[in-house]
Amino acid sequence: MILVILVYLLESYAIYRLAVVRGLPMPLLAFIPFFQLYMLGQIGDSLKYMNRTVNDLLGQIPLAYALPLLSIAGSLLRYPLTLFISMVSSLVMLVVYYLVFSFYEPKFSILFTAICSLNFIFYVLLILSRVPFLGGIAGVLGGIVLELLQYTPVVGPLLILFCLRGYRRRG
């Protein structure tokens, strides 16, 4: 239980630091569970317009609203849809990570994003495990990724903090 709280605080602090560096309003919302997604979306929104190709990919979807709404939808819907929503949420989070890494540490952006992609890979493998031909292989790979996920919950926040070293508040 203490480890879960420490991981949450580390994640919250990384989002808080990003919000402060980006000069976003109310960065302390990063420490409130539901609003943490809102802050992460605001960070993504503040960065996505700097990278034209990612902006084209996402269209004009405000991530500050999309991430919390995906979370609500995931908790209200039933199994097959929740799996799909979890996969979409993890993909959106991965895009935000990529935006952060490409802005603050462009040389390592693809490597850092790949390191943070375990959640998305897990959901893809979970879906593929339902496919008759690929099910066995995807199930085994999903089990391996699940084991890795248990040991790496702090990787994303630590990489974000690594990218922000030396940056001060914008404004």
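Two rings of Phe, Tyr or Trp (its six-membered ring) form an aromatic pair if their centres lie within 6.5 Å; planes under 30 degrees apart count as stacked, over 60 as edge-to-face and the rest as tilted. The model is predicted, so local features need pLDDT of at least 70 and side-chain atom pairs pLDDT 80 or more, while totals for chains, interfaces and linings use all residues. Residues are numbered from 1 along each chain as its sequence is written, and side-chain values use heavy atoms, with hydrogens and water left out.

**Exercise 1. Find how many helices and strands the chain has.**

Step 1: Helices (H or I, at least four residues) and strands (E, at least two) are DSSP runs, numbered from the N terminus.
Step 2: By that rule the chain holds nine helices and zero strands.
Step 3: Of its 171 residues, 42% count as buried; buried means under 20% relative accessible area, exposed over 50%, and partly exposed in between (1.4 Å probe, protein chains only).

**Exercise 2. Work out which kind of aromatic pair Tyr16 and Phe31 form.**

Step 1: The ring rule gives a count of 10 aromatic pairs.
Step 2: Tyr16 counts as partly exposed because its relative accessibility is 24%. Phe31, at 30%, is partly exposed too.

**Exercise 3. Decide why the pair of Phe34 and Phe35 is edge-to-face.**

Step 1: Their ring centres lie 6.0 Å apart.
Step 2: Their planes stand at 75°, so the pair is edge-to-face.
Step 3: Phe34 has 35% relative accessibility and is partly exposed, and Phe35 is partly exposed at 38%.

**Exercise 4. Name the rings that are linked into a cluster, and look for a charge over one of them.**

Step 1: Ring pairs join Tyr97, Phe101, Phe108, Phe112 and Phe162 into a cluster.
Step 2: A charge sits over a ring if NZ of Lys or CZ of Arg is within 6 Å of the ring centre and within 35 degrees of the ring normal.
Step 3: Arg165 lies over the face of Phe162, 4.0 Å from the ring centre.
Step 4: Arg22 lies over the face of Phe103, at 4.8 Å from the ring centre.

**Exercise 5. Describe which residues of α1 are buried and what covers them.**

Step 1: The buried residues of α1 include Val7, Ile15, Leu18 and Arg22.
Step 2: Their cover includes α2, α5 (79-104) and α9 (155-164).
Step 3: Leu18 touches Ile43, Val100, Tyr104, Ile160 and Leu164, not counting residues up to four places away in sequence; contact means heavy atoms within 4.5 Å.
Step 4: After α1 comes Gly23, with a positive phi near 75°.

**Exercise 6. Trace the largest nonpolar core and the elements that build it.**

Step 1: A nonpolar core is a set of buried Ala, Val, Leu, Ile, Met, Phe, Trp, Tyr and Cys residues joined through side-chain atoms within 4.5 Å.
Step 2: The largest one has 31 residues, and Leu18, Met39 and Phe101 are among those with the most contacts inside it.
Step 3: The elements giving two or more residues to this core are α1, α2, α4 (63-76), α5 and α9.
Step 4: Its largest share, nine residues, comes from α5.
Step 5: A second, separate core of six residues includes Leu118, Leu125, Ala138 and Leu149.
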